[in-house]
Amino acid sequence: MPITQISRLAGANSLKVKRQKAIRLSFYFLMGLLCILSSPVLAKVPSSFNSSAQLPVNSATEVAVVNDPASLVEQGKVLYDAGNFAQAAEVLQKAVQAYQQQGENLRLAATLSNLSLAYQQLGKWSQAQQAITESLNLLKGQDKNPNLQIFAQSLDIQGRLQLAMGRPEAALATWEQTEEIYQQADKKNGVVRSLINQAQAWQAQGFYPRAIKTLDKVNQTLKSQPDSIEKTVSLRSLGDALLVIGDLKKSEEVLKESLKIARNLQSKADISASLFSLGNNALKQHDKLQAIDYYQQTVAASPSPLTKVQAQLNHLNLLIESQQWAEVQTLLPSIQSHLDQLPLSRASIYAHVNYAQNLSKVKSDYLQASTKNSSSPLSAQNSAELLARAIEQSRNLGDKRAEAYAFKSLGGLYEQTKQWSEAQDLTLRGLAIAQRSNAPEITYALEWQLGRLLWAKKDINGAIAAYDAAVDTLQSLRKDLVVNNDIVNQDVQFNFRDSVEPVYRQSVELLLQSQQGKPDEKILEKARQRIEALQLAELDDFFREACLQGQRIALDQVVDRGNNPSAAILYPIILPQELQVIVKIPKQPLQNYTTKISQTKVEELLVELRKNLVNPTATKTVEAQSQQVYNWLLKPIESELQKSGVNTLVFVLDGVLRNIPMSALYDGKQYLVEKYAVALSVGLQLLDPKPLVEQKLVALTAGLTQPPPGFSKFAPLLGIKSEFDGIAKAGVSTTSLLDGDFKKKNLETEISATSFNIVHLATHGQFSSRLEDTFILDFDGEINVKDFDTLFRNQSKSIVELLVLSACQTATGDSRAALGLAGAAVRAGARSTIASLWQIDDKSTAMFVSTFYQELKSGKITKAEAVHRAQLKLLKHPNYKAPSFWSSYLLIGNWL
């Protein structure tokens, strides 16, 4: 594909994705984690006839049917409730004919709306639209005494049709109208149902916080009322929304309450829906065995083939991930059987695509060993047939999003078999549809796929253009999230490491490869900007919202500033088969160098080094391992750094490198801390940096000597008073909150009342790659990192210049835990953060803290240099010379 064509497509897409109302975050199906909305029920048809008789549909009863449409309506309801939608539609059609002959327009309108609902379940969208349109026209034609309840019920069913056909804004407007009507008619249950439906429309557009606000309002209304379908559906919808925004514990609690009510009501559909949501919750909490158990319970309880297959697909994905091939083979025929029963709908199309994608994940050797004939569900050919059928079904449905996604999946299947031209053709067809349909969450995936295909065909320029388009689309999505903080990008968050992170990494690899051994500063600049985009995307994923807003200054402006620039910046990038480093030395162009080594080997060494760094007796092993890392990152540039006269190295670290303190790197004779001050940056930009030495130091200190109840795994911190005394003796003006006074509300009050430029917290804390597991402790328990933005930021006061977290640690066994440390630094909004990667004993901590503040107060030095000198003091102490004591401390952000 020509570059100009790619650019034109990307430009058209960029204009589209900036229309915020058009964003549809519908990857909940696409990414394999499927969810269930509430099951619609038939509207009541007004009738004085109250019979439980059920007439069979046959010629012997035809005359009776015509004369007794009320019995037909009742029979249709029974069939519908049993999931026999085709028979229900047939019976309701006969009731429609009967009411037409009798001229019963009100009952005819109600029956037509129910017929529309049955057609919706069958995926017969044109018939469903025709029936609901006729129903509403009849009701609107009643000038005198219109039946508001039936009108609202018909509008409710129209809203369901609009949502099912991918028009959530229209559905929302319809359900807002039904709410008004039910309010007029004083029908409280109708109002509740309308609000629940509105919440589902908000969720379909990605507005999860708004959905949660609506559902909270509903649940407050229902709390004092008896158990009802509305109550269980509302709680389940709330639980699903809380799951998306990451409040997993509260989500689980709400979903269990929903399940309890559904069981009390003996509603099989709602029991299975709540079980399924609980399975998704367990999956997000990484409890795979519990997730599988919930999915199996869902299949056993559900009367719906769609619910069964959705649960089985999630179960299948878990089995494939754990390579449980025997269980996979057992499950596949059951999934295929349930798929064959599904009526045409967007949900059924995504189920077919999901099934085909799971089949393609199964290893080829297992396929060959297990497949006995071409019709086996494990056949690769079968995956292609499923996807081709999904494309055809999407066209029949008129669902362009589903069609684009099916094209992407089929193109991906051809990509796996290295049929590049066929894969490219399918991908381009899908891309054109996705761009016309304004579906950025599918568009970026197709642009990424196109980039991979062009790269494989050695069309490097075309591949770069395609990757640029994919990154631009992702960036546009992020910008729209920033414009409206109510939106949560669930597309990205569910499979960030599989579906977003590789776009950036592969793009950087492609850019650097395109230099062909000749350094190109423009390409290097573009590559490092893409590294920053990845860093920001990781933090967005961590917090599930867009981060790092506000006025910021590029690092280069700080590095090159003044007559005596003193800092160099290094950007290591871990790629699958090499380690790349981009370097910015003051007043010099960018340069880079490469070490050919696999990502696996790099990560293995870094994991071992991290384990040894915390052991004071493993110094020799640490030196040997950290020298290897030094050789990768610094040896090629060693002499140039010495000549440049820089005294500070700023690292923008990638991946598991974040878990390693750069100050502990060893050149064979010295640690890096013996030659340079070291700082970390989250990205290429900083909040407007100002040297702290130009200001009077005013600190709020808070500490906890004993952990709160329930946190016994954390040891007492008996040296805190000594630590605080050292700060005061350094000449820093301090206000202290100790033990019982150290509470979140007191911290907020103090920060609001006084312009502190330093906040020093001597309390246990944990950094994790999971938001819910990243926190500090106060007297009452946890303060989660997501609350840092309100805790440390006061709109009427100056920004906190320095946040010190002196007793924190990264979560054990979490290779990406330092992401939580970066997240804490960003969320707090401080210009600089000092924190520890692991906990150090009280005495060495007190010495480090005391020395740091003395240096900061006494001389005109940077924060990085003050940390540097405090680390050197520990290194020179006979009891603390091992790296485990002095290297744990990191300075993040502004080093001045």
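Strand E8 (residues 698-703) pairs with strand E10 in the parallel sense, over five bridges. Strands, like helices, are DSSP runs numbered from the N terminus, with at least two residues (E) for a strand and at least four (H or I) for a helix, and two strands pair if DSSP finds at least two bridges between them. The model is a predicted one, in which local features need pLDDT of at least 70 and side-chain atom pairs count only at pLDDT 80 or more, while totals for chains, interfaces and linings use all residues. Residues are numbered from 1 along each chain as its sequence is written, and side-chain values use heavy atoms, with hydrogens and water left out.

Strand E13 (residues 802-810) runs parallel to E10 and is joined to it by eight bridges, whereas strand E11 (residues 775-778) runs antiparallel to E10, with two bridges. Glutamine 766 takes part on both sides: it stands opposite glutamine 809 in E13 and opposite phenylalanine 775 in E11. Ten of the ten residues of E10 (residues 758-767) are buried, so this strand is largely enclosed by the rest of the structure. Here buried means under 20% relative accessible area, exposed means over 50%, and partly exposed covers the values in between (1.4 Å probe, protein chains only).

For the chain as a whole, 39 helices and 15 strands are found, and buried residues make up 60% of the 896 residues. Of the contacts between residues at least 6 apart in sequence, 70% join residues at least 24 apart, a contact being heavy atoms within 4.5 Å.

Aromatic rings come next. A pair of aromatic rings is described by the distance of the centres and the angle of the planes. The structure holds 13 aromatic pairs; rings of Phe, Tyr and Trp (its six-membered ring) pair if their centres lie within 6.5 Å, and planes under 30 degrees apart count as stacked, over 60 as edge-to-face and the rest as tilted. Tyrosine 350 belongs to helix H18 (residues 346-361) and tyrosine 405 to helix H21 (residues 400-416), so the pair ties together parts that are 55 residues apart in sequence. Both tyrosine 350 and tyrosine 405 are buried.

Phenylalanine 848 and tyrosine 889, by contrast, are stacked, at 3.7 Å centre to centre and 0° between the planes. This pair links distant parts of the chain, 41 residues apart: phenylalanine 848 is in helix H37 (residues 842-858) and tyrosine 889 in strand E15 (residues 889-893). Phenylalanine 848 is buried at a relative accessible area of 3%, and tyrosine 889 is buried at 4%. Ring pairs also link Phe848, Phe852, Tyr853 and Tyr889 into a cluster.

H37 itself deserves a moment. The end C-alpha atoms of H37 are 24 Å apart, in agreement with the 24 Å that its 17 residues should span at 1.5 Å a residue; the expected span is 1.5 Å times one less than the number of residues. The buried residues of H37 include Ser844, Thr845, Ala846, Val849 and Leu856. At the N-terminal end, aspartate 841 caps H37, with a side-chain oxygen 3.1 Å from the backbone nitrogen of lysine 843.

Arginine 210 lies over the face of tryptophan 202, 4.5 Å from the ring centre, and the charged end of arginine 452 sits over the ring of tryptophan 448, 4.6 Å from its centre. A charge sits over a ring if NZ of Lys or CZ of Arg is within 6 Å of the ring centre and within 35 degrees of the ring normal. Tryptophan 448 is also among the residues that proline 502 touches, along with Phe496, Arg497 and Ser507, not counting residues up to four places away in sequence. Proline 502 is found in helix H27 (residues 501-513) and is buried, with a relative accessible area of 16%.

Finally, the backbone. Most residues other than glycine have a negative phi. Lysine 418, not a glycine, has a positive phi of about 60°; it lies in the loop between H21 and helix H22 (420-436) and is exposed, with a relative accessible area of 62%.

Note on methods
A polar contact is a pair of N or O atoms within 3.5 Å; within protein, one must be able to donate a hydrogen and the other to accept it, and residues adjacent in sequence count only if both atoms are side-chain atoms.
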